[in-house]
Amino acid sequence: MPGPRILWRDILPNITTTLIVFVPLMMALNMLTESALSFLSIGVQPPAASWGTIIQDGQALLYTRPLVALVPGLAIAVSVMALNVFGDGLRDALDPRSKIRLGRD
């Protein structure tokens with residue numbers, strides 16, 4: 001068989017579920033990385049909005065108005081946790097071995 005046919009017929013169906021699960025997990029990691037870099041003034045620059053830059057701006061106001069820094073931090077945490085739970089749920093739903101285990105119970 002030619003190489004592209006092997007790729008489309010044998011390899012791609014076996015890695016599709018892994019790629020589908022990998023995307024939300026990588027999105028969460030990218031969100032954390034971008035926020036951390038923006039907080040350190042390496043990522044998104046101040047005219048553009050980023051959770052990291054908002055937390056950095058709120059750092060000076062932490063004692064007077066703590067919600068300016070805490071709300072974006074909580075939003076990051078909730079978003080990352082939601083993406084991780086979504087990726088974990090996709091893995092459980094798409095894993096053929098878990099369906100076999102559930103069928104025996």
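User: Before we look at any residue, what does contact mean here?

Analyst: Contact means heavy atoms within 4.5 Å. Keep in mind that this is a predicted model. With that cut-off, take Ile-55: leaving aside residues up to four places away in sequence, Ile-55 touches Phe-39, Ala-69, Pro-72, Gly-73 and Ile-76.

User: Thanks! Which residues of α2 are buried?

Analyst: A residue is called buried when its relative accessible area is under 20%. In α2 that applies to Gly-52, Thr-53, Ile-55 and Gly-58. Their cover includes α1 and α3.

User: Which residues of α3 are buried, and what do they pack against?

Analyst: The buried ones are Ala-69, Pro-72, Ile-76, Val-80, Leu-83, Gly-87 and Leu-90. They pack against α1 (3–39) and α2 (51–59).

User: Which residues make up the largest nonpolar core?

Analyst: For a core, look for buried nonpolar residues joined through side-chain atoms within 4.5 Å. The largest one here has five residues: Ala-28, Ile-55, Ile-76, Val-80 and Leu-83. Helix α3 supplies the largest share of this core, with three residues. Ile-55, a member of the core, is also the residue whose contacts with Ile-76 and others we began with.

User: Now the charged side chains. How many salt bridges are there in the whole structure?

Analyst: Look for a side-chain nitrogen of Lys or Arg within 4 Å of a carboxyl oxygen of Asp or Glu. Searching the whole structure gives one salt bridge. Arg-91 pairs with Asp-88, and their closest N and O atoms are 2.4 Å apart.

User: Where do these two partners sit relative to each other in the helix?

Analyst: Arg-91 and Asp-88 are three residues apart in helix α3, so about one helical turn separates them. Arg-91 counts as partly exposed because its relative accessibility is 43%. Asp-88, at 35%, counts as partly exposed too.

User: Finally, which residues make the nonpolar surface patch?

Analyst: For a patch, join nonpolar side chains within 5 Å, using residues with over 30% relative accessible area. Here Met-1, Ile-6, Leu-7, Trp-8, Ile-11, Ile-15, Leu-19 and Phe-22 make a patch of about 810 Å². One of them, Ile-11, is found in helix α1. With a relative accessible area of 41%, Ile-11 is partly exposed.

How values were computed:
Residues are numbered from 1 along each chain as its sequence is written. This is a predicted model: local features need pLDDT of at least 70, side-chain atom pairs count only at pLDDT 80 or more; totals for chains, interfaces and linings use all residues. Side-chain values use heavy atoms; hydrogens and water are left out. Buried means under 20% relative accessible area, exposed over 50%, partly exposed in between (1.4 Å probe, protein chains only). Helices (H or I, at least four residues) and strands (E, at least two) are DSSP runs, numbered from the N terminus. Patches are made of residues with over 30% relative accessible area and no salt bridge: like charges are joined within 9 Å, nonpolar side chains (Val, Leu, Ile, Met, Phe, Trp, Tyr) within 5 Å. Accessible areas come from the Shrake-Rupley method with a 1.4 Å probe; for residues, only the protein chains shown count as cover.
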